[in-house]
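Morning, everyone. Please bring the model up on your screens. I'll keep this short.

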Amino acid sequence: MRAMVYRGPYAVRVEEKDVPRIEHPNDAILRVTLAAICGSDLHLYHGLMPDTRIGHTFGHEFIGVVEQVGSSVQHLQVGDRVMVPFNISCGSCWFCARGLYSNCHNVNPNATAVGGIYGYSHTTGGYDGGQAQYVRVPFADVGPVRIPDWMHDEDAVLLTDAAATGYFGAQLGGIAEGDTVVVLGAGPVGLIAAQSSWLMGAGRVIVVDHLQERLEKARTMAYAEVLDYDEHDDVVVELKKQTDFLGADVVIEAVGAEAHGNLLQHVTGTKLKLQGGSPVALNWAIDGVRKGGTVSVVGAYGPIPNAVKFGDALNKGLTLRMNQTPVKRQWPRMFEHVRNGHLTPRAMVTHRFPLEDVAEAYHVFSAKLDGCIKPLILPSAA
Amino acid sequence: MTDPDIPSAYVRDKRTPPPTREELRARIPGWGADLDPADRPSYPKLQYPADTGAHWDFPERQPGGEGRERSIEHAFVTPVFGTAQPLRGLSGGVRRFAYRRFSEGRLAHWLLLIVGDRIDAWGSHLRSFASRRPDVPASGLRSELTHGGLRSRRGRSDARHQVLDPVVVAGPWVAGAAVTYTGVRRLVRVLRR
Ligand SMILES: NC(=O)c1ccc[n+]([C@@H]2O[C@H](COP(=O)([O-])OP(=O)(O)OC[C@H]3O[C@@H](n4cnc5c(N)ncnc54)[C@H](O)[C@@H]3O)[C@@H](O)[C@H]2O)c1
Ligand SMILES: [Zn+2]
Ligand SMILES: [Zn+2]
């Protein structure tokens with residue numbers, strides 16, 4: 001089969017690989033029909049995640065058709081069209097039993113801090129991902145869900161991670177009616193976080209980024225006020241001014257390890273890899289939220305320590321909430337929101353690349369060329 | 001009445017009230033649909049799902065786990081695990097040591113894994129030079145032409161950071177080439193003597 005393959009930092013290509021096989025009785029093999037590149041994949045692509053091995057296939061956002069099932073699979077049949085949460089989870093450990101599907105203890109021998117994720121290095125379990133023609137799906141009875149007839153494939157693929165994470169990020173904010181919510185980052189995650197903040201009753205939503213096409217999307221798709229941090233010497237001061245010197249009730253950090261906006265942090269965090277990523281946005285969140293407020297972090301960081309302003313977080317009495325998204329838990333409610341048009345994931349799709357052009361897709365998304373917000377990968381067109 | 005010039009942070013209750021529910025509902029599709037925390041799927045955080053789909057207490061163990069690297073914070077190799085890119089060669093040795101010796105809480109664990117990554121990458125690059133598909137320092141650059149490399153970056157502050165990319169990306173390749181060149185030259189001299 002054809003598959004995206006990592007060749008080292010900043011280098012990926014398509015290679016011929018063996019079709020994955022059933023390795024456990026509850027496995028399924030999926031023929032991928034549509035995949036996407038996530039902002040998280042950029043952290044791998046830039047070499048920020050320890051134990052990313054040469055030859056690894058990335059991709060944790062994908063949908064497809066069940067091609068083969070293991071002997072103990074009861075809920076899926078060959079031919080089913082399914083969407084697969086980016087978390088691999090067993091459904092039965094202490095954590096899964098309490099709904100923490102992203103923190104499963106039975107699927108990642110390489111680390112206890114993080115659960116299993118498709119195509120996301122050996123630090124999350126060493127599973128090849130779905131930017132390929134076929135992918136192995138462990139615990140087929142737990143993760144995958146049949147795609148409802150009414151759902152558009154492009155919504156389905158975004159619901160496997162980016163959209164679910166935006167919705168989850170707004171929930172972590174514990175938004176109360178009338179709250180002023182600031183969303184840092186107008187990528188796919190931030191845009192859905194902004195839409196979701198309204199659903200939870202926000203009175204004001206301000207989205208911060210510096211890419212014009214994304215800020216424009218925040219205005220049109222999420223009805224948000226926008227702030228271009230390039231236009232301000234110090235964006236936190238601007239946020240304070242705009243909130244009558246209180247700060248925001250809730251800040252949602254949807255940027256993560258690649259953050260720009262502070263050269264020293266960016267260079268030590270993402271270029272020299274002396275930190276687990278650049279925590280610029282996280283520090284802006286801590287600074288920009290009001291005392292006693294909540295910072296919701298869905299932006300991802302590596303396992304190496306970061307230069308975070310923890311003292312300020314303590315002095316301000318903040319609530320810090322964060323996690324990898326337990327995706328499947330978001331779905332029933334999110335399906336309603338998508339069906340009603342309250343959440344519009346596929347409005348963010350700007351680019352569709354055949355799998356053979358995956359190297360270009362990564363470069364375009366990473367360098368944010370051509371107004372790219374969300375690139376999809378089409379394995380069938382190979 | 002307080003002085004209107006004093007911002008709300010400095011007095012008890014002076015925040016500009018948000019727009020009314022009616023105004024918000026009229027402007028924003030779905031406003032307030034999840035106003036009640038009980039409608040939010042991740043509230044409360046710990047919540048027993050009715051049915052996770054699992055029909056086992058503890059999953060059957062996937063074969064082949066013996067000797068597989070694992071975090072020493074785990075009691076054993078988990079019943080299910082990835083089998084992509086098993087450890088091999090020098091990078092495999094370094095990675096295995098990182099897993100066996102240091103917990104996830106130790107910086108050495110991660111730094112050794114990063115060393116393993118660099119050895120893996122350079123070993124693979126060298127091997128690729130003897131293949132029909134030699135590695136390149138950065139892939140996908142054709143899109144700079146097809147997807148408006150210059151146009152897309154105009155006026156962006158991160159363009160300044162991106163100037164560093166060629167240095168970060170190509171730097172190790174240039175250094176590698178220089179080391180190889182001087183090394184080979186020395187070797188040739190030694191052999192000539
Ligand atoms: N917690 C989870 O489960 C989960 C799931 C998916 C993605 N993520 C993480 O969420 C983050 C965002 O993902 P995405 O797909 O939207 O990525 P993206 O790269 O498309 O978007 C990030 C955006 O942040 C902007 N940005 C950079 N520095 C900034 C700053 N200092 N302030 C404000 N904005 C800034 C960028 O211009 C960009 O638009 C990533 O870190 C990703 O790893 C987490
Ligand atoms: Zn992701
Ligand atoms: Zn589990």
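I'll take a metal site, an annotated region and a helix pair.

Some ground rules: this is a predicted model, where local features need pLDDT of at least 70, side-chain atom pairs count only at pLDDT 80 or more, and totals for chains, interfaces and linings use all residues. Residues are numbered from 1 along each chain as written, chains are lettered from A and ligands numbered from 1 in written order, and side-chain values use heavy atoms, without hydrogens and water.

Zinc first. Which protein atoms are the donors of ligand 2? They are A:Cys38 (SG), A:His60 (NE2) and A:Asp161 (OD), at 1.8 to 2.3 Å. Donors here are N, O and S atoms within 2.8 Å of the metal (3.2 Å for Na, K and Ca); water is not among the atoms, so sites may look incomplete. The sequence spacing is C-x21-H-x100-D. A:His60 sits in the loop between helix H1 (39-45) and strand S4 (61-69) of chain A, and A:Asp161 in the loop between helices H3 (153-159) and H4 (162-172), so the pair ties together parts 101 residues apart in sequence. Helices (H or I, at least four residues) and strands (E, at least two) are DSSP runs, numbered from the N terminus. Buried or exposed? Both A:His60 and A:Asp161 are buried, meaning under 20% relative accessible area with a 1.4 Å probe, protein chains only.

Next, the annotation. An unreviewed UniProt entry places "domain: Alcohol dehydrogenase-like C-terminal" on residues 188-260 of chain A. That stretch is 42% helix and 22% strand, with end C-alpha atoms 17 Å apart.

Last, chain B. The axes (lines fitted to C-alpha atoms, over the stretch in contact) of H2 (89-101) and H3 (107-129) come within 8 Å and cross at roughly 170°. H2(B) and H3(B) are therefore roughly antiparallel, the term for angles over 145 degrees.

Conventions
Buried < 20%, exposed > 50% of the residue type's maximum accessible area, 1.4 Å probe, protein only. UniProt positions renumbered as here; feature names shortened; annotations may be inferred. Axes fitted to C-alpha atoms, helices over the stretch in contact; angles between N-to-C directions. Parallel < 35°, antiparallel > 145°, perpendicular 65-115°, else oblique.
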